[in-house]
Amino acid sequence: MHRRLIVPSVLAASLLLAIPASAADFKPGAPGIGDSYYPAYGNGGYDVSHYDLRLRYQPDTDRLDGTATLLAKTTQDLSRFNLDFLLDVSEVRVNGAKASFATSGQHELEITPAKPLAKGTSVTVVVRYSGVPSTKTAYGFSTWHRTPDGAVAADEPESAWWWYPSNDHPLDKATYDVSVSVPDGTQAISNGTLQSQSSKLGRTTFNWRSNKPQATYLTTLAVGKFDITTGTTDSGIPVVNAYSKDLGDNDGAARASVERTGEVVDWLSGYFGPYPFSAVGGYVPNTTTGYALETQTRPFYSQKQFASGSNVSVVVHELAHQWYGDDVSLKGWKDIWINEGFARYAQWLWSDSEGEGTTQELADYVYASHPADDPFWTIKPGDPGAENQFELPVYDRGALAIQALRNDIGDDAFFAILKGWPQDHAYGNASVADFQKYAEKVSGKPLAGLFDTWLFQPVKPATAAKAQARIATSAATPAQPKSWKQITATNTVHEH
Ligand SMILES: [Zn+2]
């Protein structure tokens, strides 16, 4: 029912004046979330709480049809807002009403709702789309990986643009339901738990659920012919692993590594505290890539990781990220050390417990392996720059910094920090500075000098710092720890 308002003329005039003024408060959301390395990644003006993705994929043609429903809350008065996406959009609805849309920049989808959106309100966005992901690029690259029997979306820092519209930055984490229809005989793997699976008219639908906050780049999709294994860890976490049926000679080594997932995740809980998610596992598709990635609850492993035989160390690395990177995500991509330094250090701890070299021996070896004029020391793990984000120093010098911290504050405080940090920032985001603050609080020691020396100076830490880190002082280069080759085999982490 529409009720006509009758108002005195003076008041009517002021209302008329008020309308343009308040409409002017509704502004477009920023096309980026504010990341210093990747200014166009993510978007401003809203926060997504849930993605519902209903997908249909055809492996032979690489055609993907999808409907994405996003539940979000506005964080400002919005006249329009952006999503990050590359496929072809046919319709957008905001709160049920058709919205207009346009593309801009490298990967922006600009959505203008029929009515502006007030700050602090719940918004439902439905995007219908289709396309052939392998034909789409942004900045000249694609991270959509075609395989002989399907495709894989698993990359960092960008992989969502090729398969679902999103606010593509770790600052905006959300829960997910991912439903994928594929031809019978083909499997669709994603994160979390497989809620159901059903076949009809020659197609099978897999319904996956992630019920804890998950970053966009940690959300994965793999379609292909997989052998799926299931189990439960000693601590009761359901395990789902998947192996391409096309791994050839790498099949045995892949399984001999990834089947150790349950054992490793329980072992890591001893250092990092309770496992933060409701499922775990890993998958090995038949991609030609070389790296592994900590996709949430279900890491991605390139089969090449197992070309030289089994490698549990890489499983340790990706599972360590479930706490350091996934549960506690970085605030900005410059904070990558809080992911990679700790995942690498977890490999050192594994080496130590396997009797293949102590963390100190590994630290000594890294320190001695790189002379002062090695460009290795010019990259600052605490702020490496976008172009060096996944370079070796972020990992090796990053782990060396952690050993220096441990030696400085002692084992009791160090292991309390290792375990306390994930719970202190559970399901949230944190920066390198936040970690320093937390370490100072727990240890009761000022640590600015130590963090600056090991993470922020573009030079090899000299004698004083060397003593602080208890680096071996003998002139001879220490022997290569037995675990070294397996640890370095995980270094092919990122490529476009
Ligand atoms: Zn990593």
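What percentage of the 496 residues in the chain is made up of buried residues? Here are some notes to read beside the structure, starting with that question.

1. **The chain as a whole.** Please keep in mind that this is a predicted model. Buried residues account for 48% of the 496 residues in the chain. The chain has 12 helices and 22 strands. Its radius of gyration is 25 Å, close to the 23 Å that the globule rule gives for 496 residues, so the chain is as compact as a globular protein of that length. If you follow the C-alpha trace along its principal axes, it spans about 90 × 60 × 40 Å.

2. **Contacts along the sequence.** Take the contacts in the chain between residues at least 6 apart in sequence: 70% of them join residues at least 24 apart. Trp162, discussed below, gives you a pair to look up for yourself.

3. **The open sheet.** Have a look at the open sheet of 11 strands, which has mixed pairing. Its order is S1-S4-S7-S6-S5-S8-S3-S2-S11-S14-S13. S1 and strand S13 (193-200) stand at the edges, and each has a single partner strand, so one side of each is left without a neighbour in the sheet. As a reminder, strands of a sheet pair through backbone hydrogen bonds, either parallel or antiparallel.

4. **Strand S4 and its two partners.** With strand S1 (residues 27-28), S4 pairs in the parallel sense over two bridges; Lys27 has Leu78 in S4 as its bridge partner. With strand S7 (residues 108-112), S4 runs antiparallel, and four bridges join the two. On that side, Asn82 has Glu110 in S7 as its bridge partner, while Asp84 stands opposite Glu108 in S7. Is S4 enclosed or open? Six of the seven residues of S4 (residues 78-84) are buried, so the strand is largely enclosed by the rest of the structure.

5. **Trp162 in its loop.** You will find Trp162 in the loop between strand S10 (150-153) and strand S11 (174-183). Why does Trp162 count as buried? A residue is buried if 20 or more other C-beta atoms lie within 10 Å of its own, and Trp162 has 27 other C-beta atoms within 10 Å. Leaving aside neighbours within four places in sequence, its contacts include Leu86, Pro133, Trp144 and Ala153. Trp162 and Phe85 are 77 residues apart in sequence, yet their C-alpha atoms are 6.7 Å apart in space.

6. **Helix H5.** At 1.5 Å a residue, its 17 residues should span 24 Å, and its end C-alpha atoms are 23 Å apart, which agrees. Of those 17 residues, 15 are buried, so H5 is largely enclosed by the rest of the structure. Just after H5, Gly355 takes a positive phi of about 70 degrees.

7. **The nonpolar core.** The largest nonpolar core has 122 residues, and the members that touch the most others are Ile111, Val180, Ala320 and Ala346. Once neighbours within four places in sequence are left aside, Ala346 is in contact with Leu268, Val316, His317 and Ala320.

8. **What the record says.** An unreviewed UniProt entry lists residues 310-454 as "domain: Peptidase M1 membrane alanine aminopeptidase". In this model, the span is 61% helix and 3% strand, and its end C-alpha atoms lie 32 Å apart.

Terms used
Residues are numbered from 1 along each chain as its sequence is written. This is a predicted model: local features need pLDDT of at least 70, side-chain atom pairs count only at pLDDT 80 or more; totals for chains, interfaces and linings use all residues. A nonpolar core is a set of buried Ala, Val, Leu, Ile, Met, Phe, Trp, Tyr and Cys residues joined through C-beta atoms within 7 Å. A residue is buried if 20 or more other C-beta atoms lie within 10 Å of its own, exposed if 12 or fewer, and partly exposed in between; C-beta atoms are placed from the backbone. Two residues are in contact if their C-beta atoms, placed from the backbone, lie within 7 Å. UniProt positions are given in the numbering used here, feature names are shortened, and annotations may be inferred rather than shown by experiment. Two strands pair if DSSP finds at least two bridges between them. The radius of gyration is taken over C-alpha atoms; the globule rule is 2.2 Å times the number of residues to the power 0.38. The expected span of a helix is 1.5 Å times one less than its number of residues.
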